[in-house]
Amino acid sequence: MNRDSVKGSYYIRVSKSGWYVCYQFYKDGVRSQASVAKLAYRELGFKTEMSVDEAKERCKLLNAERGLIKDKIRVAAKRVTEIKNINETLFPTHSVEAFQELLKEENFGSEAHLEKLYSHFNFIQTMVNYLRLQPFEYKDNSKKIYKYFISKQISLNYSYRLLTVLNRWGKFHSKTTGQFYDDVKAPRGREQSAIADAQKTKSGKETELGVRTESLPLVPEKLQAAKDKLIPDQFNWLKISVWFGLRPEEVDLLDDDTQFRVEFNLKSKTKVLHVYQPKLQSIPENKRWKRIPVVFKEQEECLELIAEGNFERPLNKTIRKHCGQGITCYGGRKNFVDMMLDKGQRIEDISLWLGHTSIETTWKHYKNRQTINFIETAETSVSK
């Protein structure tokens, strides 16, 4: 991310002919100002019919959004500094570089998957540096490791992934030093429950370590209510995620025509959106495509947005601010099952559209347990 791209701020100037958008920034202590081309107004979320006050409010939202990006840059810079301060004895530079190269060589997934492995390894380095443990000490100090997970309020699934990388590093480093290594086992019983319970108490989605928590559902009505507060491309991104139930990375890839296609199915007489699922690395590549029939007018509208390329993922902080606390970029996908069930679709079909290998996964992780559903019959006593 380029720091220059988030410097400065927007403001409104008023003249006899109306209002117009300006931009100012500082370089070497000198303030520079410029007018924003009117052709860019729409992209920035300004409308010509806005009042001066409405335009000023839009500037505040834009500047706040840019402030969030700056915060993200500062957090990323802090992570780099933390990694540089890792004890050389625990993580010799040459060994770290060799291990990262091994992760790259053994990675059969996407570049995004490799980046996740690097991120997990960064977490491991921070943790082990804090605990001051050598690889041969990992297993005997497994409870300290579990307690560290608890202190960081990470999820059970994330802790399992971290332990996988920890053990890979432990075996790699021990092999190079001629030492025996014994795996740290996954937490069970009380330790497992303690990690799960601690993660449930975490507020917000993002922490310094970037750990993800489960999103609340984003319903179409709530998204529509936030439309005027979001940059148009960000609103479009969320709309696509809501009406197709796609994973965030799948929505992002809709600007690459090798990752999706739209075909007309003669048998069903409907358009079908074919989406490649980069997450599914354990199955053959030709089976990683999912097919979603386009049967609602909102989905037709989304196809137009995809064709135009006018969509961009918003920050989770932005989504929470305008759509509701607890909602993230997974919110649309989280609501997809209940929304489609309400529209009369079958759970077995919805499961396929989500790209799940089993209905059990769909029902366990995506069915909202807070909703009240029942079938009214002649014997029910529901008052009208």
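Predicted model: local features only at pLDDT ≥ 70, side-chain atom pairs only at ≥ 80, totals over all residues.
E54 sits in helix 2, which spans residues 52-84.

The patch is negative, and its members are E49, D53, E54 and E57.

Helix 5 runs over residues 142-151. Which of its residues are buried? They are S142, I145, Y146, Y148 and F149. These residues lie on the same side of helix 5, because they cover an arc of only 155 degrees around the axis. An α-helix has 3.6 residues a turn, so residues three or four places apart point the same way.

What lies on the other side of helix 5? Here K143, K147 and S151 are exposed.

## Positive phi angles

Most residues other than glycine have a negative phi. Some residues here have a positive one. R132 is not a glycine, yet its phi is positive, near 55 degrees. R132 is in the loop that links helix 4 (111-131) and helix 5. Q153 comes after helix 5, and its phi is also positive, near 55 degrees.

K269 is another non-glycine residue with a positive phi, about 55 degrees. Where is K269 found? It lies in the loop between strand 4 (260-265) and strand 5 (270-276). Is K269 buried or exposed? K269 counts as exposed, because its relative accessibility is 66%. The cut-off for exposed is over 50%.

Technical notes:
Residues numbered from 1 in each chain as written. Heavy atoms only, no water. Patch = residues over 30% accessible without salt bridge, like charges linked within 9 Å, V, L, I, M, F, W, Y side chains within 5 Å. Areas by Shrake-Rupley, 256 points an atom, 1.4 Å probe, with all protein chains shown as cover. Salt bridge = Lys/Arg side-chain N within 4 Å of Asp/Glu carboxyl O. Lys, Arg positive; Asp, Glu negative; His and termini not counted. Charge placed at Lys NZ, Arg CZ, Asp CG, Glu CD. Helix = DSSP H or I, 4+ residues; strand = E, 2+ residues; numbered from the N terminus. Buried < 20%, exposed > 50% of the residue type's maximum accessible area, 1.4 Å probe, protein only. Arc of directions from axis to C-beta.
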